[in-house]
Amino acid sequence: MQLNGLVLIGGKSSRMGIDKSQIAYHGKAHRCYLSEQLLAVGCEQVYWSCSKTDVDTPATYPIIRDQYEAVGPIAAVLAAFELNRLAAYFILGCDYPLIDESTLKQLINARNTAKQATIFQHPESRYLEPLLAIYEPSAFAAIRVAFESGQKSLRKILNELEVQIVIPNQPNKLVNANTPAQRDATLRDLEILRSSSFED
């Protein structure tokens, strides 16, 4: 079964104040970095998901536009499956600055195509990570029904689906950066890590 990647770049980034997908944590715009990581772990095609009204997005990767406004990431998932209902999608949000190939590989290696989704669960909070998950085609109908009944939270919908839960080997890689303070702290940590690696 075809596995595509979908990088979510259509958020408002209201807390960050700038486009989170453009922050260069790894020497390039994060959306480009994440797209390359998804291709490296075996996604056949990577798309960028953006809002219905965003008309200025550069087409470095094929664009899938939301068909609904102001409903959150669920619009991206629905739009992706409307494009291809036979493919699975590795959904990846742009607010994970430390995601790397090994983390993505762990999820792919644990993928259970008999379930509707394979998803990371944070070991401490026990929260599912709906924007760091593989959604199988079998999930589409259930997500669509939930959305049409008024449910817009992917996390709540996932709690009702048959999912393969994966506990990350490195939970720190699932950290979010949604504010300037979190961004700056992450950039400092990455710089320290690079300096340490260079000295070694």
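The second largest pocket holds about 210 Å³ of space, a volume being the space filled by probe spheres set on grid points that are joined across faces, edges and corners. A pocket is here an open set of points on a 1 Å grid over the protein atoms alone, where a 1.4 Å probe fits, with protein on both sides within 12 Å along at least five of seven lines, and lining residues have an atom within 4 Å of a point. The model is predicted, with local features requiring pLDDT of at least 70 and side-chain atom pairs pLDDT 80 or more, whereas totals for chains, interfaces and linings use all residues. Residues are numbered from 1 along each chain as its sequence is written, and side-chain values use heavy atoms, without hydrogens or water.

Helix 6 (residues 180–199) provides the largest share of this pocket's lining, five residues, and the lining includes H26, Y33, D100, K173 and R194. Helices are DSSP runs of H or I of at least four residues, and strands are E runs of at least two, numbered from the N terminus.

In the largest nonpolar core, which has 59 residues, L6, F90, L132, Y135 and I143 touch the most other members; such a core joins buried (under 20% relative accessible area, 1.4 Å probe, protein chains only) Ala, Val, Leu, Ile, Met, Phe, Trp, Tyr and Cys residues through side-chain atoms within 4.5 Å. Helix 2 (residues 74–83) gives the most to this core, with eight residues. Beyond residues up to four places away in sequence, F90 touches, among others, L3, L38, C43 and I134, contact meaning heavy atoms within 4.5 Å.

Note on methods: Buried < 20%, exposed > 50% of the residue type's maximum accessible area, 1.4 Å probe, protein only.
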